[in-house]
Amino acid sequence: MTEIYQKLEKIVSKKFLSNSIYVRHAYSRNVDLVLQGVPDIVIRPKDAKEISEILKVANENNMPVIPRGGGICEFGGSKPIGDGGIVLDMKRMNNIINLDEDNLIVTIEAGISWGKLNEYLCHYGLYTGCMGPGSGMSASVGGGISHHSVGGGGCAKYGACTNQLVSLEVVLPTGEIIETGSQANKFSKYPFNRFGNGPDLAGLFCGDNGIFGVKTKVSLQIFPKPKFADYKTFLMPRKSAETAAQIMTEIRQKGIDVYDAMFIPDVVVAIGSERGMFPLWEGIKRKLGMFFYTIEANSKIELEERVKNLDEIILGKKSEFLGPEIKDGNIAKWHYAEQGHWQFYHNLWGMYPSMQPLSAECFCPISAFPKILQDIDQWDIEHESDMRKIFDITNVRPISGSGPVPLVDGNNVEITAGFVSFWRYYDGEIHDLIKETNIKLWKSLLERVIRHGVQWYMMGDYVSRFMVDIGAYSEEFYNLMTSIKKNLDPNMILSRGKFNFWE
Ligand SMILES: Cc1cc2nc3c(=O)[nH]c(=O)nc-3n(C[C@H](O)[C@H](O)[C@H](O)COP(=O)(O)OP(=O)(O)OC[C@H]3O[C@@H](n4cnc5c(N)ncnc54)[C@H](O)[C@@H]3O)c2cc1C
């Protein structure tokens with residue numbers, strides 16, 4: 001180990017390299033409390049060249065390397081699987097490289113956060129359209145592209161953040177540096193198009209969960225932020241998931257270009273209001289589901305027309321408009337006009353002290369989500385005896401269901417399926433029974449949701465291996481993925497263990 005450390009010291013300056021026990025433990029987790037793995041070394045490179053050298057050393061010494069952006073993966077994706085290896089912290093690479101205002105393309109280093117990037121763009125009246133994930137104040141653009149992130153605002157209009165990708169610079173696991181799209185032509189002066197010059201190689205790295213290469217430079221299409229916007233929130237009738245799905249379908253069928261459209265299930269509204277997460281809904285008597293939209297336009301007339309069409313659809317389904325101001329319960333206004341899109345989800349993580357979401361995020365068609373939510377309720381009933389074991393220790397029963405359900409481009413929604421439970425040392429004592437029961441329940445619920453045919457996008461340590469373990473991938477698909485991985489990464493250095501790609 002000392003020898004590897006000394007080799008790395010020759011690549012980055014001492015200040016950006018550590019094997020101290022404190023630093024290693026600080027990098028041993030992501031957001032979840034469940035999946036842990038302590039690295040041997042943490043390193044913060046400054047550019048692609050340093051990363052290339054680090055990867056060469058790792059290959060020579062058969063040492064796994066795990067890229068880490070903001071480190072906010074919910075399922076252990078940016079820490080080692082098991083102990084050992086090098087965590088490659090990308091946060092030093094957080095600069096804006098170029099703003100091409102004529103062609104509306106921004107080029108940035110992959111470790112920059114969505115918050116920093118959009119703060120810069122807003123001075124030019126521009127934004128990234130899809131604002132990345134709900135964790136965008138700290139999550140990085142490289143992490144977002146590696147996950148296909150959505151949910152931080154704008155995904156009904158712009159889709160996942162990978163839709164805006166124009167070109168990538170990637171360091172391959174063996175250390176070669178490549179550029180994709182228009183930049184595959186070495187005579188191209190600046191990135192302008194993702195496709196062409198052969199296959200879409202950028203696509204290979206989109207949603208790869210950091211297994212095929214380290215993204216170092218990202219070029220994204222950007223957009224002028226429209227001058228006009230409106231935002232409304234509605235209390236839904238009973239059976240609110242079905243109604244929300246009908247509304248979303250009609251929005252698509254009528255071709256209304258909403259910026260965001262989101263359904264918040266009744267259980268989230270009820271518990272969230274009770275626990276102080278939604279102070280603006282505390283006064284509302286009937287804690288049913290909520291639906292909100294935000295819409296943009298380039299003129300007042302255009303905006304009014306769109307709002308009229310949307311309101312006709314939503315009010316026609318017996319929903320109740322809460323009023324224009326945030327104090328009336330209009331969460332949509334807070335979400336769009338006051339940057340709530342990057343704060344919204346954070347509230348949900350602090351529901352009860354020491355409570356922990358054991359969930360996973362996936363896409364499914366609009367028409368499928370009410371049935372999936374119903375089936376999660378059914379799953380909860382079937383697992384009453386296990387839920388009770390946790391209740392008997394903690395006096396609070398785990399809560400299952402989905403978090404908010406946003407409309408994503410095309411006919412998709414995103415659901416966060418899972419349950420919220422305590423972790424084993426919630427009261428300072430160690431309760432192994434809670435740990436065992438949580439893991440058993442988590443696996444069981446994930447399998448149940450996988451069987452609905454959903455598509456996971458943030459897979460991390462856990463879901464990537466689980467898909468393989470339960471045989472959910474078609475054999476041909478997994479074989480192709482394996483042969484690409486073996487070709488790019490013969491020593492399985494990068495993110496070793498994800499998707500069961502071990503040594
Ligand atoms: C409160 C909260 C809200 C969230 N909201 C959302 C949401 O709305 N939508 C959503 O999609 N997710 C959400 N997430 C999950 C997560 O934050 C996002 O998926 C985010 O995009 C991860 O970015 P990151 O920079 O933190 O990535 P990390 O966690 O650091 O890494 C994620 C994955 O990408 C890889 N990786 C990171 N950087 C690179 C790179 N430069 N090159 C190659 N691989 C890399 C890692 O190895 C890992 O597999 C949320 C999480 C929390 C805690």
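**Group meeting: a predicted chain and its ligand**

The chain has 17 helices and 20 strands. Helices here are DSSP runs of H or I of at least four residues, strands are runs of E of at least two, and both are numbered from the N terminus. The radius of gyration is 23 Å, close to the 23 Å that the globule rule gives for 503 residues, so the chain is as compact as a globular protein of that length. That radius is taken over C-alpha atoms, and the rule is 2.2 Å times the number of residues to the power 0.38.

Some ground rules. This is a predicted model: local features need pLDDT of at least 70, side-chain atom pairs count only at pLDDT 80 or more, and totals for chains, interfaces and linings use all residues. Residues are numbered from 1 along each chain as its sequence is written, and side-chain values use heavy atoms, with hydrogens and water left out.

Now the overall picture. The C-alpha trace spans about 65 × 60 × 45 Å along its principal axes. Of the 503 residues, 58% are buried. Buried means under 20% relative accessible area, exposed means over 50%, and partly exposed is in between, with a 1.4 Å probe and protein chains only. The chain exposes about 20800 Å², and carbon and sulfur atoms supply 51% of that. Those areas come from the Shrake-Rupley method with a 1.4 Å probe; for residues, only the protein chains shown count as cover.

Next, contacts, meaning heavy atoms within 4.5 Å. Take those between residues at least 6 apart in sequence: 70% of them join residues at least 24 apart.

On to the ligand. What surrounds it? The shell has 38 residues, and the closest are P67, G69, S135, S140 and V150. Four elements each supply at least two shell residues: strand 3 (65–68), helix 5 (141–147), strand 10 (214–221) and helix 12 (344–348). Helix 5 gives the largest share, five residues.

By class, the shell has 14 nonpolar, 19 polar and five charged residues. Nonpolar covers Ala, Val, Leu, Ile, Met, Phe, Trp, Tyr, Cys and Pro; charged covers Asp, Glu, Lys and Arg; the others, Gly among them, are polar.

A ligand oxygen sits 2.7 Å from an N or O atom in the side chain of H147. For the side chain of S149, a ligand oxygen is also 2.7 Å from an N or O atom. Taken alone, the ligand exposes 960 Å², and the protein buries 99% of that.

L8 is in helix 1 (residues 2–9). L8 is buried, with a relative accessible area of 0%. What does L8 touch, beyond residues up to four places away in sequence? The partners are L17, I41, I43, I54, V57 and I86. V57 is 49 residues from L8 along the chain, yet their C-alpha atoms are separated by 7.6 Å.

K189 is in the loop between strand 9 (177–179) and helix 7 (201–205). K189 is exposed, with a relative accessible area of 75%. K189 and R238 are 49 residues apart in sequence and 57 Å apart in space, C-alpha to C-alpha.

D380 next. D380 is in helix 13 (residues 369–382). Buried or exposed? D380 is buried, at 12% relative accessible area. Leaving out residues up to four places away in sequence, D380 touches M387, R397 and S400.

P404 sits in the loop between strand 17 (399–402) and strand 18 (405–408). P404 counts as buried, at 1% relative accessibility. Setting aside neighbours within four places in sequence, P404 contacts M262, F263, I264, P265, F344, Y345, L348 and E414. W349 is 55 residues from P404 along the chain, and their C-alpha atoms are 13 Å apart.

S495 is not a glycine, but its phi is positive, near 50 degrees. F499 is not a glycine either, and has a positive phi of about 55 degrees. S495 lies in the segment after helix 17 (475–488), and F499 lies in the segment after helix 17 too. S495 is buried at 4% relative accessible area, and F499 is buried at 3%.

Notes:
Near = heavy atom within 4 Å. Polar contact = N/O pair within 3.5 Å; in protein donor to acceptor, adjacent residues only side chain to side chain.
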